[in-house]
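Subject: Structure handover, side-chain contacts

Hello,

The structure we discussed is below. My notes on its side-chain contacts follow.

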Amino acid sequence: MIVSLSRYAALTCLLLLSPLMAWQSFALAAPVKASQAAELKNRFRIDYMVDNLTLVIQRDYGSAPVVVVLPDGSKWYSNRHPQTVKWVDGIAADMIHIEKPMAGPWQLLGQVTEGSTIQKVSKLDIEVQPLPQPLFQGERLKVTARLLGDNLTMRMPGLEYMVEWTSRFTSQHIAGDDNFATGTIIVGAYKDNGEDLDETPDDGIFTGAQNLEQPSGHYILNVTARNNVFEREYVMPFELSKQPIKAEMAPNNDPLKGIWQIQLSVDETQVLLAETHFEFELVGPAGLQLPIILQDLTSAEQVLYLPKVTEFGSYRVKGTVVSTAVGGREIVLNLPEMFFNLIEPPKPGPSAEELAEQAAAQAAIEEQIAKDDAIFWIVTVNGVLFLFGIVGIIVWRKKQSLAKAMAAAEERLKQNPPQEEKPKETELESLDLDDIDLTMPDDKS
């Protein structure tokens, strides 16, 4: 197949291999039929006048990325290709953007889905459903977006994994708005997986659920769809209004009765009172989950009495309300959670008779304690005195024995006085000089 585009138009050429029903009932000019695609063995030709090219290739789920064979026989892989080539490989598809592609026959090698067709589009774009006005805080909102090729919805399995959708709110910083100091907030994403608010997977319709639990005020919505091949952006200014319906826990002057009430208020300038219906759930101790429905409102200001609770502990009330805006738009609002506590009352005090009995019992206990203390101290003091007495007797007897021994020794000294000895020096003095032999001994021959 020869793809020819004017160089001066600078249009993007997209060769899309997808199931026969991938584009639903949309018909494109000169598509190659499945039989022809099989005969061509995933071959195609690029004209020398093409400035850039984008390939979107559907392959078997979980298979490896395709290999691109150029006219000169060289090969490109998802992880090895020129810097001018941008490549995104998903679970079941490849998206390849080529600047100034080589003219001639090209070939794709890989597990390309059987029965695929080659189609041509000139540009990629996104279509985002604008946010309604007025838009209220806490509203459950379903919005959609599409990836377009030549203003037709692109649809193929695995596309959801190849495109990243991001939704942001940016405050316009208008004085007086609650969001004056708020910056940029990521509030959601768009998915085509058949979960949550998305109806059907892989139908080309991406569904987003915006988190509208944000301060009220003027914002700018920024929705971005991007991958390594392309990036598209949608911008819209809008205002997030305060909830037109309020539910607040009313003060309870007698909480011991276990009856609580919610004060409901509806702004009839914003919503229709006759088409406003409440649904609450009372959650409490012991696994309590009690639904409470209020369908018919008699006035814009009304009190809702909750069922009587008997279990002591903490309770919370979760609520949603469905209504119709004055302009006719159906809305669902998530109300802020409410809390209350059922506290166990203090027990009544004792009677006079009970107080007297308690006083008597306390006096008896104190008297017994005093007796026990007295006996303890008497025994203790007597024991200490007894010990001191024994120690004193022992000491006194030792003193008596010592005194008798000293008296007996003194008596013996008096009877046998000690004799004086003559000093040895007197013996020397009594010696006569004549008695001393002063001769020297004879020398031995």
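For the accessibility terms used here, a residue is buried under 20% relative accessible area, exposed over 50%, and partly exposed in between. R226, with a relative accessible area of 34%, is therefore partly exposed. Please keep in mind that this is a predicted model.

Salt bridges

The count comes to 10 salt bridges. Three of them are described here, beginning with the one that involves R226.

R226 is paired with E164, and their closest N and O atoms are 3.7 Å apart. R226 belongs to strand β19 (residues 217–226) and E164 to strand β15 (residues 164–171), so the contact ties together parts that are 62 residues apart in sequence. E164 is partly exposed, at 45% relative accessibility.

E127 and R146 also form a salt bridge, with an N to O distance of 3.5 Å. Because E127 sits in strand β11 (residues 124–128) and R146 in strand β13 (residues 142–149), this pair ties together parts 19 residues apart in sequence. Both ends are partly exposed: E127 has a relative accessible area of 42%, and R146 has 26%.

Another salt bridge joins the side chains of E281 and K318, at 3.6 Å from N to O. It links distant parts of the chain, with E281 in strand β23 (residues 277–284) and K318 in strand β26 (residues 313–324), 37 residues apart. E281 is partly exposed at 25% relative accessibility, and K318 is partly exposed at 30%.

Aromatic pairs

There are 11 aromatic pairs by the rule applied. One of them is W165 with F206, a tilted pair with 5.1 Å between ring centres and 35° between the planes. This pair too links distant parts of the chain: W165 is in strand β15 and F206 in strand β18 (residues 205–209), 41 residues apart. W165 and F206 are both buried.

F376 and W377 make an edge-to-face pair, 5.3 Å centre to centre with 70° between the planes. Is each of these two residues buried, partly exposed or exposed? F376 has 49% relative accessibility and counts as partly exposed. W377 has 53%, which is over the 50% cut-off, so W377 counts as exposed.

Finally, F44, W76 and W106 are linked into a cluster by ring pairs.

Regards

Definitions and conventions: Residues numbered from 1 in each chain as written. Predicted model: local features only at pLDDT ≥ 70, side-chain atom pairs only at ≥ 80, totals over all residues. Heavy atoms only, no water. Salt bridge = Lys/Arg side-chain N within 4 Å of Asp/Glu carboxyl O. Helix = DSSP H or I, 4+ residues; strand = E, 2+ residues; numbered from the N terminus. Buried < 20%, exposed > 50% of the residue type's maximum accessible area, 1.4 Å probe, protein only. Phe/Tyr/Trp six-rings, centres within 6.5 Å; stacked < 30°, edge-to-face > 60°.
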